[in-house]
Amino acid sequence: MNILVTGGAGFIGSHLVRTLLAKGEKVTALDDLSTGLAENLPPEAEFIEMDILDEGLKKVVAAGAFDAIVHLAAQTMVDVSIKDPLFDAQTNLLGTVRVLEAARAANVKRVIFASTAAAYGDVKEDDLPVREAQPTEPMSFYGLSKLAVEKYLDMYHAVYGLEYVILRFANVYGERQGDGGEGGVISIFAKAMAEGRDITIYGDGEQTRDFVYAGDIAEGIVAALQTEEVNAAYNLSTQTETSLRELVSLLSEICGREIVPKYGPERDGDIYKSMLSNSRARRGLGWQPEISLADGLRRTYEYFCGKCMGE
């Protein structure tokens with residue numbers, strides 16, 4: 001397949017590009033480098049520096065003759081969306097419409113869209129793990145903009161016949177992650193521990209997340225490119241809750257020293273408890289996570305230790 005990955009120089013994108021290349025696929029990464037880094041990409045990957053809002057996107061997609069687009073480029077920070085809803089909407093909603101228009105004009109067969117657990121909102125604990133049929137009630141403009149794109153995808157299929165697969169990611173973490181995004185707490189903690197700095201938990205530390213390793217997410221995207229069960233939404237998750245206190249404990253074991261976190265106030269728009277069901281992805285995509293949290297955390301911590309040593 002010939003695949004365009006928007007946001008390809010970013011955290012998840014760099015894992016996906018490596019995975020696709022290893023499977024023998026032709027890959028082009030498109031990124032404006034506002035948060036991604038060109039150095040994240042292997043030299044054999046084709047790279048185009050461009051914002052998805054650029055009017056030249058249509059020409060790029062048309063010239064590329066892509067079979068599919070994996071759309072990862074996004075504004076991923078809940079707090080940023082609360083502070084600046086306009087910026088969030090411009091990137092996540094209008095930027096995605098430009099991608100869809102480019103795909104439609106070039107007769108791209110399928111679009112894979114990176115959505116989010118934030119689309120569900122703060123679900124009652126009795127309703128965990130969250131299934132795809134759960135009512136969507138986002139608590140932030142970030143979750144709302146991602147949910148709006150899901151509706152656009154449904155409409156693009158109904159009106160233009162464009163195939164899509166929506167992947168609602170749990171909290172993704174791993175090597176090359178920046179300090180942003182929903183899984184950013186792990187990169188923030190791991191980096192601070194590698195550098196010997198203190199860490200801060202915002203809230204009481206009992207809030208939970210469903211942390212899924214980026215390499216597993218990349219495999220889930222590959223499965224979405226191949227599945228015949230299209231025009232549907234799938235959770236990509238471990239279906240396991242981990243509290244921030246538990247996370248600190250695991251990282252303490254990995255780095256070999258006790259970490260005593262500081263505590264700060266809760267942040268606006270943050271969900272308290274989160275865990276997604278992955279049963280639909282197991283059935284429809286033939287996918288399941290393979291990397292344990294302990295193994296993934298070790299890889300992530302060792303990556304940041306290497307960065308500290310200039311490797």
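Biologist: Where does Thr96 sit?
Modeller: Thr96 is found in helix α4. Helices here are DSSP runs of H or I with at least four residues, strands are runs of E with at least two, and both are numbered from the N terminus.

Biologist: Before we go on, what are the ground rules for the numbers?
Modeller: This is a predicted model, so local features need pLDDT of at least 70 and side-chain atom pairs count only at pLDDT 80 or more, while totals for chains, interfaces and linings use all residues. Residues are numbered from 1 along each chain as its sequence is written, and side-chain values use heavy atoms, with hydrogens and water left out.

Biologist: Good. Is Thr96 buried or exposed?
Modeller: Thr96 counts as buried, at 2% relative accessibility. The cut-offs are under 20% relative accessible area for buried, over 50% for exposed, and partly exposed in between, with a 1.4 Å probe and protein chains only.

Biologist: And what does Thr96 touch?
Modeller: Not counting residues up to four places away in sequence, Thr96 touches Ile52, His71, Thr91, Phe113 and Val149. Contact means heavy atoms within 4.5 Å. With His71 there is also a side-chain polar contact of 2.9 Å. That term covers a pair of N or O atoms within 3.5 Å; within protein, one must be able to donate a hydrogen and the other to accept it, and residues adjacent in sequence count only if both atoms are side-chain atoms.

Biologist: Switching topic: how many salt bridges are there in the whole structure?
Modeller: The search finds nine salt bridges. Each is a side-chain nitrogen of Lys or Arg within 4 Å of a carboxyl oxygen of Asp or Glu.

Biologist: Which residue does Arg168 pair with?
Modeller: Arg168 forms a salt bridge with Glu150, and their closest N and O atoms are 2.6 Å apart. Arg168 lies in strand β6 (residues 163–169) and Glu150 in helix α5, so the pair ties together parts that are 18 residues apart in sequence.

Biologist: Are those two buried or exposed?
Modeller: Arg168 is buried, with a relative accessible area of 6%, and Glu150 counts as buried at 6% as well.

Biologist: What about Arg280, what is its salt bridge partner?
Modeller: Arg280 pairs with Glu132, with 3.9 Å between the closest N and O atoms. This pair links distant parts of the chain, 148 residues apart: Arg280 is in helix α9 (residues 279–284), and Glu132 is in the loop between β5 (110–116) and α5 (141–160). Arg280 is partly exposed at 28% relative accessibility, whereas Glu132 is buried at 10%.

Biologist: Now Gln207, please. Which loop is that in?
Modeller: Gln207 lies in the loop between β8 (200–202) and β9 (208–209). At 9% relative accessibility, Gln207 counts as buried.

Biologist: What does the side chain of Gln207 reach?
Modeller: The Gln207 side chain reaches the backbone oxygen of Tyr202 at 2.6 Å. A polar atom of that side chain also lies 2.8 Å from the backbone nitrogen of Gly205.

Biologist: Last one: how many aromatic pairs turn up?
Modeller: The whole-structure search finds three aromatic pairs. In one of them, the ring centres of Tyr303 and Phe304 are 5.1 Å apart and the planes are at 75 degrees, so the pair is edge-to-face. Rings of Phe, Tyr and Trp (its six-membered ring) pair if their centres lie within 6.5 Å; planes under 30 degrees apart count as stacked, over 60 as edge-to-face and the rest as tilted.
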